[in-house]
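Please consider the sequence and structure shown below. A short report on its organisation follows them.

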Amino acid sequence: MPSLTFKGGIHTYEGKDLTKDKKITDLLPISSELVYPLSQHIGAPAVPIVNVGDRVLRGQKIAEANGFVSAHVYSSVSGTVKSIEKRLNVQGKMAESIVIENDEAYEEGLPIPVKPISEMTKEEVIGIIREAGIIGMGGAGFPTHVKLSPKNPGKIHYVIANCAECEPYLTSDYRRMLEEPEKLVAGLKIILCLFEHAKGILAVEDNKPDCIRILKDLCINEPRISVKVLKTKYPQGSERQLIYATCQRAINSSMLPADAGCIVNNVDTIVAVYHAVIEGRPLMERIVTVTGDAIRYPQNYRVYTGTCYADLIEAAGGFKGNPEKIISGGPMMGFALYDTHVPVTKSSSAILAFLKDDVSDSKASACINCGRCVDACPSRLIPSRLADIAEHYDEEKFVALNGMECVECGCCSYICPAKRHLTQEIKMMRQTVLANRRKNK
Amino acid sequence: MSENVKVSASPHVRSNMSTSRIMFFVIIALLPATLYGIYQFGFNSALLVAVCVAVCVISELVYEKLMRAPVTIGDLSAVVTGLLLALNLPPNATWWMAVIGSVFAIIVVKMLFGGIGQNFMNPALAARCFLVISFTARMNNFVYDGVTKATPLASIREGNPVDLLDMFIGRIPGTIGEVSTVALLAGAVFLIITGVIDFRIPCAYLVSFVLFMGLFSQSGWSIPYLVAQVCGGGLILGAFFMATDYVTSPITKTGRVIFGVCCGLLTGMFRVFSSSPEGVSYAIIISNLLVPLIERITVPKCFGKGGEN
């Protein structure tokens, strides 16, 4: 069967060979101080429930969700609350955070009370997922319990595990699938319990044949779960493109995946669901790929949230040479860092360091109307035109040309031979339009 | 922490394709036709190629220096314009015609409208049309083997037979670059394989042209006649190398098909109904003018609103 896919997209240098054979290594924090931003998710920031000077245990809730669309924050170490103050986050902003001094005892607090899955109601399962502070760990950070509470659970037909990992260089999901595939399948089964009409889909790109084989073997006696093979292409793991590739259903910016009867969760999120519901373990660790040509020993680490990025880089042997660019996340959608003293959050997936920066090496020139951005755009837009409109700040025209349908994947900027900053222009205009909409409400 | 670390918005990687690389590919693709033209027509054609390329590049440089604008000759687009203009000149054109044409192409058609990406007509073709109007006799005087001869299309019009193999190989009178169909096709295949040009424009162009000629010319569906029409009069050069000019063709896929059809129908119309046996240049530059309209009506449906299929 040919691999499933969507129209548009790009083929980049994958760079996964640097770390794909590196086993996940546990890494304890090196710096004594751990930082937990109150806002690691989409929605209202959590509210601190500890005071400066309090002693906290590993797995203790330190900040409480503020409303439904929000998520709890847990301490990943035992120690003392040193301060609650603004600290630098990966987006380069100062964000309210709880700072904990690690006593290196790693004394565990009480787990979340759980019962065998068969004895729990759906509400109880979702309640545990909420209690564990689980959010979408693919990058966006949407609280998982909200995703799992659609208006009409009976109309969910597919629960899709996003195992595409289409961002270049990232191998954290790949390693997870190789090393703990049974947890992924078990996690997916837990989510399937919530939606009795749904089928589970493990959607894997065809550059991971070993994962496909392992998952297929594991699901051989699982009538509700199937493994679907996707074409290796960026942005195959983008929610809309993934739903289309696997189920031939299309959603636009005014719809949620649930409107098309789909729920999409990434590998790490599903494994976190497993840890929470089966073991009562809140979300306080994640797998981070540390890689790039400026990293001495590229690695996949299992780290505690709150750990400083600089610790991970140090553990990976530090830099070889002077890196020109350091990125949190993948090269297509990640954030460039100017300081590595930022904490690992629930949605950190990678730290990349490159000796050369493609972006500052290339100078933007005039559009030659070649149409490569049109071919590459997975949302089927005309990025060059939208960027022009954005430069002229024409909100009406921008919306009329479907600018709000952009998923900010970065394909147009990547492919542009004139090296124009198309994604950036469109992204800024989208933010302006969204801000104006909120203002006029 | 390293001091030269850079910060920018995502994405942080870029493809290795650049404007200058695209132009370089086009130059490579034009080499077989250029070399064949020089081989066949001799020293003067080599001189014309050199003059056109040099004057185009210098014109752009001088204009940008005078206007204190950033210099863009590094993108090689002026080289492509010069080369295309030379390939559209008769082999015995004079050097000063090449100079006038090049200056017109770069200064009037390209730079006055804002430089690369802003011109609404193909500069080389506009310059050729300018020269044809200004120096009609010289531009239509085709010498082959030392004697002035009619081009194949003119011969056909007068009812004389033409040798199709000669037309295919290029043993015919014509402009420097248009004569050898096989050399042009070799370059065209290279451009399509490397993804530089979209097959839609030339395909729509050729198909609609052949249909039009079959339906409306007096020779109808005669195969030798249609083959001669396709191989002659710079149609291959125009369809693959000039109608496909990014700047002056639509950005959307559907738009490119419509654009190709416009070119094909106009070329057919000129060849059948006008007093001149040719018409590729006019067909393409008139279609160039239609591009903004074509783009306006061919905005693709977006993903999630019907455009995903």
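This is a predicted model: local features need pLDDT of at least 70, side-chain atom pairs count only at pLDDT 80 or more; totals for chains, interfaces and linings use all residues.

Residues are numbered from 1 along each chain as its sequence is written, while chains are lettered from A and ligands numbered from 1 in the order in which they are written.

The bounds of the domains come from an automatic or database domain assignment.

| Domain of chain A | Residues |
|---|---|
| domain 1 | 115-279 |
| domain 2 | 372-440 |

The C-alpha centres of domain 1 and domain 2 of chain A are 29 Å apart. Their contact (C-beta atoms, placed from the backbone, within 7 Å) involves 7 residues from domain 1 and 6 residues from domain 2 of chain A.

Helices (H or I, at least four residues) and strands (E, at least two) are DSSP runs, numbered from the N terminus. Helix H14 of chain A covers residues 422-440. Its buried residues (20 or more other C-beta atoms within 10 Å of their own, C-beta atoms being placed from the backbone) include A:Leu422, A:Ile426 and A:Met429. The buried residues of H14(A) pack against helices H10 (372-376), H11 (383-391), H12 (395-400) and H13 (411-415) of chain A. On the face turned away from the buried side of H14(A), exposed residues (12 or fewer such atoms) include A:Gln431 and A:Lys439.

An open sheet of 3 strands in chain A has the order S3-S5-S6 with antiparallel pairing, where pairing requires at least two DSSP bridges between two strands. Strands S3 (47-48) and S6 (73-74) of chain A are at the edges, each with a single partner strand, so one side of each has no neighbour in the sheet.

Key: Two residues are in contact if their C-beta atoms, placed from the backbone, lie within 7 Å. The expected span of a helix is 1.5 Å times one less than its number of residues.
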